[in-house]
Amino acid sequence: MNQTQIDAIVQQVLANLGVSASQSAAREENNTMPPYSSTEYNGRKLIGIYSDMNDAIAAAQEGYKAVRAMSVEKREKIITAIRELTRAEAAIVAELGVKETGMGKIEHKRLKHILVADKTPGTEDIVSEAKTGDSGLTLVEMAPFGVVGAITPSTNPSETVICNSIGMIAAGNGVVFNPHPGAICTSNYAVDLVNRACYSAGGPKVLVASMDKPTLESAQIMYQHPAIRLLVCTGGPGVVKSVLSSGKKAIGAGAGNPPVIVDDTADVEKAGKDIIDGCTFDNNLPCIAEKEVFAFRNIKDHLIFSMMRNGAYMLTREEADALAKIVIVEVTDKKTGKIKKQVNRKCVGRDAQVIYAMLNNGKKLPPDTRCLICETDFDHPFVQTELMMPILPIVTVDNIDQAIDLAVKAEHGNRHTAHMHSKNIDNLTKFASAVETTIFVKNAPSYAGIGFGGEGHTTFTIAGPTGEGLTSARSFTRKRRCVMVDNFRII
Ligand code: NAD
């Protein structure tokens with residue numbers, strides 16, 4: 001056999017593994033290519049990844065058939081295996097997420113995966129109801145939809161895939177994902193993780209499926225495919241709107257811009273620390289994270305002082321305005337041709353140090369800086385825009401009515417998440433009632449709202465627009481009623 005024939009065989013084997021010739025050559029020559037793609041990780045082919053959305057849906061349908069045939073006990077065993085493998089590989093997938101997207105913090109992403117493993121509800125979330133009376137017994141059970149089509153974001157990619165998988169499988173569904181293209185390797189690693197766990201617990205080889213190259217077109221195929229009975233979308237306003245316009249039953253988990261009010265009854269020292277801890281968690285990628293602060297005038301300086309003692313750097317007004325021009329850029333809308341403003345993706349989820357360096361003023365921040373804070377007016381773009389990065393504007397207010405009025409306006413009617421630091425029950429109640437958010441956190445970092453240091457289950461799909469709230473297995477079910485007349489009572 002000559003060298004040409006050997007090379008041809010090597011290329012064929014690599015192609016079977018989903019590794020392109022250029023990728024393998026780059027790896028050999030200078031080791032610059034990462035050891036992962038949307039179809040493989042360290043030479044291992046990922047399970048459940050397809051090139052055609054129709055094939056992915058067919059695989060998820062087989063998954064659904066397999067789950068339907070299982071006892072609930074078996075389903076729970078598979079979920080236990082998913083939890084265990086998520087814990088075991090949390091550090092790997094967290095590192096992959098940061099490497100691929102350039103966003104977030106490895107340690108925080110690891111903690112997010114452990115949270116998903118520990119606090120995403122399983123089959124215990126599915127409960128039946130019985131109603132008895134003179135006319136007999138009526139039973140209501142939570143049944144699966146069938147195959148769920150799920151869209152996932154780049155900000156919490158693998159966390160959302162695993163969390164959705166646990167809930168959707170617990171409810172008895174099959175799942176096909178059309179993940180964010182910018183986090184496709186991490187999302188597909190998570191799909192593979194779910195499938196490996198399932199198989200190790202005696203389940204089918206493929207229980208959840210995904211695409212090697214997800215596109216808006218593959219999302220459209222998913223929307224229109226007759227086998228897809230429920231769509232679940234976690235993302236920004238554009239994609240949530242597209243899913244809600246699909247004509248199918250849909251769960252939409254959309255954008256937020258969580259305000260924080262700090263009044264003059266708060267434990268200001270603690271409020272400063274809590275706000276910086278929440279705002280900087282995974283570099284502000286969670287949609288629930290603190291995005292703008294409304295502080296009473298008489299405690300504002302103390303609050304800023306506490307924030308600075310906890311890793312915040314105070315920008316001057318000039319620096320804040322200059323940074324706003326870097327962080328929010330003008331682009332031409334592909335559809336309308338009009339100029340629109342949008343967040344610079346190069347800044348989303350980046351470290352405070354990296355963002356500050358973009359100012360290019362030669363100044364270096366103290367090494368422990370984790371957040372950039374600034375005093376701004378209410379109209380400043382930092383207040384009005386969901387930045388998803390460790391920049392936190394502070395607006396001074398004179399009383400609770402002004403604070404609530406501005407905070408509600410800054411939330412833009414998303415009804416997603418809001419926070420408050422106060423010991424005044426009237427103020428807390430007034431803001432909670434006015435802002436109408438799905439999550440309202442009092443006197444704690446934002447992540448307490450998804451069960452991290454707070455009571456209650458976790459989710460990475462918070463469905464405000466469609467009203468499911470913090471989704472769990474029961475959100476992915478349909479209710480079915482069975483009626484027996486004049487019988488089946490025991491009294
Ligand atoms: P994004 O909106 O850019 O993308 C989400 C997904 O939708 C991706 O897979 C993308 O490719 C796809 N997509 C975009 N437009 C589409 C269309 N018209 N049709 C079909 N698919 C389309 O989201 P992102 O930047 O990764 O995530 C950040 C946004 O998501 C923020 O606004 C954040 O608040 C929100 N988010 C909300 C929740 C929640 O639980 N409510 C959780 C995470 C993120």
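## Salt bridges across the model

A search of the whole structure turns up 27 salt bridges. Please keep in mind as you read that this is a predicted model.

One of these pairings joins the side chains of Lys 99 and Glu 95, with N and O 3.6 Å apart. Both residues belong to helix α4, which covers residues 72-101. Lys 99 and Glu 95 are 4 residues apart there, about one turn of the helix. As a general point, side chains of opposite charge can pair when their charged atoms come close.

## Two domains

Let us turn to the overall layout. The protein chain is split into domain 1, made of 36-254 + 469-480, and domain 2, made of 259-455. Between the C-alpha centres of domain 1 and domain 2 the distance is 31 Å.

Where the two domains meet, 18 residues of domain 1 are in contact with 20 residues of domain 2. Together, domain 1 and domain 2 bury about 1500 Å² between them, and 59% of that area is on carbon and sulfur atoms. On the side of domain 1, the residues that lose the most area to domain 2 are Met 103, Leu 115 and Leu 470. These three account together for 29% of what that side buries.

## Polar and charged links between the domains

The interface has charged pairs too: 3 salt bridges are counted between domain 1 and domain 2. Elsewhere in the list of pairings, Lys 109 forms a salt bridge with Asp 282, and their closest N and O atoms are 3.0 Å apart.

Which elements of domain 1 supply at least two residues each to the side that touches domain 2? They are α5 (106-119) and β21 (469-470). Helix α5 gives the largest share of that side, with 6 residues. Sorted by type, the residues of domain 1 that touch domain 2 comprise 4 nonpolar, 9 polar and 5 charged.

## Around the ligand

For Gly 236, a polar backbone atom lies 2.7 Å from an oxygen atom of the ligand. Phe 460 also places a polar backbone atom by a ligand oxygen, at 3.5 Å. With His 416 the side chain takes part: one of its N or O atoms is 3.2 Å from a nitrogen atom of the ligand.

How values were computed:
Residues are numbered from 1 along each chain as its sequence is written. This is a predicted model: local features need pLDDT of at least 70, side-chain atom pairs count only at pLDDT 80 or more; totals for chains, interfaces and linings use all residues. Side-chain values use heavy atoms; hydrogens and water are left out. Domain bounds come from an automatic or database domain assignment. Contact means heavy atoms within 4.5 Å. Buried area is the accessible area (1.4 Å probe) that two parts lose on being put together, summed over both. A salt bridge is a side-chain nitrogen of Lys or Arg within 4 Å of a carboxyl oxygen of Asp or Glu. Ala, Val, Leu, Ile, Met, Phe, Trp, Tyr, Cys and Pro count as nonpolar, Asp, Glu, Lys and Arg as charged, and the others, Gly among them, as polar. A polar contact is a pair of N or O atoms within 3.5 Å; within protein, one must be able to donate a hydrogen and the other to accept it, and residues adjacent in sequence count only if both atoms are side-chain atoms.
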